[in-house]
Amino acid sequence: MKKKLIYIPLVALLLGVSGCEKGFDELNINPTAATSINPLFTFNNAMINSTFPGQTLIFETAIVQQVFSPNSGIIAGGNYNVDNRGPTGANTGIWQRYYRDVVRYLVDVMAKTKDDANRSNLYNMARIWKAYASMVLTDSYGDIPYSQAGLGFLQANVTPKYDTQESIYNDILKELTEATAALDASKPTEAGEIMYGGNIEKWKKLGNSLLLRAGMRLVKVNPTLAQSTAAKAFAGGVMTANADNALIRNNPNYQNPVGGTLNSTEAANFYLTRTFVDYLRANEDPRLASIAVRYVGAKSGAEQTAAKANRDPSVQIGMPLGFDNGTIPAQATADKLASFYDYSQVDRTRLARLDAPTFLVTTAQTQLLLAEAAQRGWITGSAADFYAAGITAHMQQLGDADANSAVPAAAITAYLQKHPYVAANGLEQINTQYWVASFLNGPEAFANFRRSDYPKLAPNPYPGKEIKGQFINRISYPDSELSVNAANLSEATSRQGPDNLDTRVWWDK
């Protein structure tokens, strides 16, 4: 059988190929896929990711002696006054979360909305939130990438320079002032944003409250600027009710990272300190009942069960500092406890549950800062009234966080009557209350402790400390910066001081 060969002209082949290519680009485009992202969605993502990573339990809450662990390894840090570096070290927590998941998104939002008159409110909201995120970063580390931060995608700048903290604060003050003033309720208000649903009045209060916070950071290094900034913020209008609070309402899909840490592998490793529990007990503070739980008689983490849970303030016993996992068992025996698992913890079924809200900037903090500004004579009004308002707001805030942590109104009144404001001790009273009001907001509690030097804490007596001073003064830079941005990091440390826990940030003089 003979095979027949069929010849097809080359022209016909080319025409056939050409015909197949017609409409090829259009054919391979998904008609239902988004071709661009609404910058509002990016903005919401940045705010959601502003929750605090679980690593803040290792340094910030331990340094201010509220929550800490007696254990070593990956959770060593403020409990032993030692550094914790490495690819996943505790010093990477705020740095990685805020640069990767907050700042870079905000820079993108600002780039996409800056010249869009219809998105001017979104642009200025992003400026305010970037100022907030930058404060958290610079307060934690000192000099940081700021003016060039977040430009890896937009400008291919993956080695940003470090700005001085002084220049960062000067720009933060400018950004907060300008952005807050530029918010305009007559323009599109971005009702889809998750913080305030586009409520411009609340955004203005947030901007001014952050301006107050930023101004008060400068009391040691530039009291004149601190005074004028506090007065400007107060005149502009700050938070006055818990409905004004800036918080992230976490849920099963977007969980509270601190709650995630305290409800998973580290559930039996973190405890309320004796310093914190004793302060609340000594002052008959009703907030202890809202915060603490003790699994009475527990001999292991497995025995920390609901049946052993006791929330009565009278039975709470905080864990003393100065011990590690080798020495704490004997101390627990001396304290007549079944084991160290028998010490009090923050209740992970209430304030530390997986979907507990994260409070970032609150009326309680704001009113207490006003109390200090009034006590210093920088603003009008009664320091005693601001002080009482701050305490009241925090006690009420606990009920907003979890209904089972609500403080009865009568208990609030009784506490204020027993603990009136005394001007002679004003700064200590105000900032000790700020310490309590910032519970679980580790970065802010750590920053205000350094700014104000209150509360008066005894140094952690753990014998194996790496620091030369009495307290950790800053968080060290992540090791990743040594790998990818060494030259700029070296320049920063040459002017700021060694990259260790002893070096002070600019405003902490």
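**Group meeting: salt bridges, cores and a helix pair**

Okay, let's start with Arg85: at 31% relative accessibility, Arg85 counts as partly exposed, where buried means under 20% relative accessible area, exposed over 50%, and partly exposed in between, using a 1.4 Å probe on protein chains only. Quick housekeeping: this is a predicted model, so local features need pLDDT of at least 70 and side-chain atom pairs count only at pLDDT 80 or more, while totals for chains, interfaces and linings use all residues. Residues are numbered from 1 along each chain as its sequence is written, and side-chain values use heavy atoms, with hydrogens and water left out.

So who does Arg85 pair with? Its side chain meets that of Asp479 in a salt bridge, at 3.8 Å from N to O; by salt bridge I mean a side-chain nitrogen of Lys or Arg within 4 Å of a carboxyl oxygen of Asp or Glu. The two partners sit in distant parts of the chain, 394 residues apart: Asp479 is in helix H20 (residues 479–484), and Arg85 is in the loop between strand E1 (67–68) and helix H5 (93–113). For the labels, helices (H or I, at least four residues) and strands (E, at least two) are DSSP runs, numbered from the N terminus. Asp479 counts as partly exposed, because its relative accessibility is 26%.

Glu190 pairs with Arg119, the closest N and O atoms being 2.7 Å apart. Glu190 lies in the loop between helix H8 (165–182) and helix H9 (200–216), and Arg119 in the loop between H5 and H6, so the pair ties together parts that are 71 residues apart in sequence. Glu190 is buried, at a relative accessible area of 9%, and Arg119 counts as buried at 17%.

The other one joins the side chains of Asp139 and Arg217, at 2.9 Å from N to O. Asp139 is in helix H6 and Arg217 in the loop between H9 and helix H10 (223–236), 78 residues apart. Buried or exposed? Both Asp139 and Arg217 are buried. And back to our opening pair: salt bridges with shared partners join Asp83, Arg85, Arg474, Asp479 and Asp499 into one network.

A nonpolar core here is a set of buried Ala, Val, Leu, Ile, Met, Phe, Trp, Tyr and Cys residues joined through side-chain atoms within 4.5 Å. The largest one has 129 residues, and those with the most contacts inside it are Phe43, Tyr98, Trp129, Tyr132, Trp203, Leu206 and Leu272. Which helix gives the most to this core? That's H6 (residues 120–141), with 13 residues. There's also a second, separate core of eleven residues, including Phe68, Ala268, Met319 and Tyr343.

Tyr343 turns up again with Gln331. Leaving aside neighbours within four places in sequence, Gln331 is in contact (heavy atoms within 4.5 Å) with Arg274, Pro320, Phe323 and Tyr343. Gln331 is found in helix H14 (residues 328–334), and at 19% relative accessibility it counts as buried.

The axes of H15 (residues 363–375) and H18 (residues 426–437) come within 10 Å and cross at roughly 170°; axes are lines fitted to C-alpha atoms, for helices over the stretch in contact, and angles run from 0 to 180 degrees between N-to-C directions. H15 and H18 are therefore roughly antiparallel to each other, with angles under 35 degrees counting as roughly parallel, over 145 as roughly antiparallel, 65 to 115 as roughly perpendicular and the rest as oblique.
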